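The sequence and coordinates should be kept in view while reading.

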Amino acid sequence: MIINLLLLIALTIGALWSVLKADLVKAAIALAVTSIILTILMFRFASPLAAVFELSVCAGLITVIFMSTISLTKYRTPQQEEVRQQSRDRRYAALPVLVIAAAGVLTLVGIPMNFALPQAAAVGDVRSVLWNERQLDLLGQMLVILAGFFGISVLFKSKVKAVGRAGAALVRGELPTTATVGDKSQTTVPEMAESRH
Amino acid sequence: MSGNTAQLIRVMAIFLPLLFLTGFYCVIVTRNLIRTLIGLEILTKGVTLLLVVAGYLTGRTAFSQACVITMIVLEAVVLAVAAGIIVNAFQHTDSLDTRDLENLKG
């Protein structure tokens, strides 16, 4: 019980750290550490398969997604950073106080314990539950993954198509217009020619 | 209910709301799109822990693990699509601030 308590305290501190850290990269790393602590807790609560999923997906894949997203966005200038930091300190100052106050209130008040837990069921195999009893869940997961694939393809499709249309117009000897390019951020041929010189 | 079980429920009743509070606070207060996702992730971790503990206390660890695996898959896909939306929004507005997303403002 002591170990569980220490792990739960570490989990809460990890979550607070990931929220309060101003640098997004460090916040993402703190989130990964929180996932690792949650994995250990899941192993202790007799859920090894879910723990492995949590470690590989949440501590691994999701951290990579966060790092990729952060790397595709620019850093602020030092002046912007200073202004942002002051505003940020004001907004996030209340969180540690709120968490400590909530912990105190919950410890003192507690929850009513006059309920009975259902009878412990026979321990089954996760694989048989997932493939035999939760087939709709599996179908839902496949559909969500497919939807996610198409969603991401659509999000990044316009830029590739726009560049292709501009290139085709150039081959025909036409100057690509905004309509051809389809995106105001795309450069036109005269601008491209200027930038080459 | 045994003493250990009651003790575990009392401890979880303290720490799970703290996790939810941290996640909600982050989502509500932040103006950064990426940090909103971090808040969402913390909320999901709270729900994951709740499911695991519920399975442990009732003896239905197989069922709770199946639910957790489903939730982790959905969480990963939602995060990937949300990250794509954020990158796309950044390419259009050159900012991660939610206050700069005002093209549809009435």
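**Helices, interface and selected residues**

Chain A contains 10 helices and zero strands, where helices (H or I, at least four residues) and strands (E, at least two) are DSSP runs, numbered from the N terminus. Its pattern along the sequence is accordingly written α-α-α-α-α-α-α-α-α-α. This is a predicted model, in which local features need pLDDT of at least 70 and side-chain atom pairs count only at pLDDT 80 or more, while totals for chains, interfaces and linings use all residues. Residues are numbered from 1 along each chain as its sequence is written, and chains are lettered from A and ligands numbered from 1 in the order in which they are written.

The model scores ipTM 0.91 and pTM 0.79. For chain B the mean pLDDT is 88, with 98% of its residues at 70 or more; pLDDT is the predictor's confidence in each residue, from 0 to 100.

Within chain A, 19% of the 197 residues count as buried. A residue is buried if 20 or more other C-beta atoms lie within 10 Å of its own, exposed if 12 or fewer, and partly exposed in between, with C-beta atoms placed from the backbone. Of the contacts in chain A with a separation of 6 or more, 40% join residues 24 or more positions apart; a contact requires C-beta atoms, placed from the backbone, within 7 Å.

One helix pair in chain A is formed by H2(A) (residues 24-44) and H3(A) (residues 48-71), whose axes come within 8 Å and cross at roughly 175 degrees. Axes are lines fitted to C-alpha atoms, for helices over the stretch in contact, and angles run from 0 to 180 degrees between N-to-C directions. H2(A) and H3(A) are therefore roughly antiparallel to each other, since angles under 35 degrees count as roughly parallel, over 145 as roughly antiparallel, 65 to 115 as roughly perpendicular and the rest as oblique. The contact of H2(A) with H3(A) comprises 18 nonpolar residues, three polar and one charged. Here Ala, Val, Leu, Ile, Met, Phe, Trp, Tyr, Cys and Pro count as nonpolar, Asp, Glu, Lys and Arg as charged, and the others, Gly among them, as polar.

In the loop between H2 and H3 of chain A lies Ala46(A). Its phi is near 60 degrees, a positive value in a residue other than glycine. Most residues other than glycine have a negative phi. Ala46(A) is partly exposed, with 17 other C-beta atoms within 10 Å.

In chain B, H1(B) (residues 3-29) and H2(B) (residues 33-58) pack at about 165 degrees with their axes 7 Å apart, and are therefore roughly antiparallel to each other. Their contact has 15 nonpolar, six polar and two charged residues.

Between the chains, the contact takes 60 residues from chain B and 65 residues from chain A. On the side of chain B that touches chain A, H1, H2 and H3 (61-93) of chain B each give two or more residues, and H3(B) gives the most, with 25 residues. That side of chain B has 40 nonpolar, 15 polar and five charged residues.

In the segment after H3 of chain B, Asp94(B) is found. Phi of Asp94(B) is likewise positive, near 60 degrees, and Asp94(B) is exposed, with 11 other C-beta atoms within 10 Å.

Terms used. Contact = placed C-beta atoms within 7 Å.
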